[in-house]
Amino acid sequence: MIKDQDAYRGDKGRALTARYEGVDPAVLHKDVVSHFPAAPSAVLDIGAGSGRDAAWLAGKGYTVLAVEPSETMRTEGARLHPDPRITWLGDRLPGLDGVFRLGVSFDLIFLSAVWQHVAPEDRPRAFRKMITLLKPGGTLILSLRLGPPDTSRGMHPVSVEEIVRLVQAHGAVVKAE
């Protein structure tokens, strides 16, 4: 995951927050909503950014643990979305050490535009950690930013084939949208 990336701090982080908040999550995620568990359920929003998706999920009746490594983004998210169903935590892939210390598991793990920030060599560990945090029968929804990565924002190339290999290696099932 990104380590102290300037693009997510201070004014740059606040500008990204404003940009993220301008996107309607109901439109952005319309193709995957049918895979969500029934509310109320526990959701882990990894790389929660501005909190846009966490707030949307909380509004649907879910309890959300919003994990965001950028202090600026996390602070802005908590300020913009002061919902008691959202708990904010500073943590990051691949380890999610803070999440694991909580000793909880989730019905839904949600990564929207996050996977490209995980370095390729860290992805097997990151995927294993996420699968371990899922409750039996739980769902992992992961979106990919395909195309050339923005290296100035700590991004790396991603592929559907890589995700399929990771899913199969962990005995899970792929439902691509």
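When I say contact, touching or packing in what follows, I mean heavy atoms within 4.5 Å of each other. What I am showing is a predicted model, in which local features need pLDDT of at least 70 and side-chain atom pairs count only at pLDDT 80 or more, while totals for chains, interfaces and linings use all residues. Residues are numbered from 1 along each chain as its sequence is written, and side-chain values use heavy atoms, with hydrogens and water left out.

Let me begin with the sheet, where helices (H or I, at least four residues) and strands (E, at least two) are DSSP runs numbered from the N terminus, and where two strands pair if DSSP finds at least two bridges between them. There are 5 strands in an open sheet, in the order 3-2-1-4-5, and the pairing is parallel. Strand 3 (86-89) and strand 5 (134-142) stand at the edges with a single partner strand each, so one side of each is left without a neighbour in the sheet. From one strand to the next the twist averages 20°; for such angles, axes are lines fitted to C-alpha atoms, for helices over the stretch in contact, and angles run from 0 to 180 degrees between N-to-C directions.

Going through some of the pairs, strand 2 (residues 63-67) joins strand 3 in the parallel sense over 4 bridges, with V64 opposite I86 of strand 3. Strand 1 and strand 4 pair, also in the parallel sense, over 3 bridges, and here L44 stands opposite I109 in strand 4. Strand 4 and strand 5 pair in the parallel sense over 5 bridges, F110 having I141 in strand 5 as its bridge partner. The chain passes from strand 4 through helix 6 to strand 5, and this β-α-β crossover is right-handed, meaning that, with the strands pointing away from the viewer, the path from the first strand over the helix to the second runs clockwise.

Now to burial, where buried means under 20% relative accessible area, exposed over 50%, and partly exposed in between, with a 1.4 Å probe and protein chains only. Strand 4 is mostly covered, as 6 of its 6 residues are buried.

Which residues of helix 6 are buried? They are R123, A126, F127, K129, M130 and L133. These residues cover an arc of only 160° around the axis, which puts them on the same side of helix 6, the arc being that of the directions from the helix axis to the C-beta atoms. They pack against strand 1, helix 5 (97-102), strand 4, strand 5 and helix 7.

R123, which lies in helix 6, has 2% relative accessibility and therefore counts as buried. Leaving aside residues up to four places away in sequence, R123 touches W115, Q116, V118, H156, P157, V158, E162 and L166.

By contrast, T151, in the loop between strand 5 and helix 7 (160-169), counts as exposed at 61% relative accessibility.
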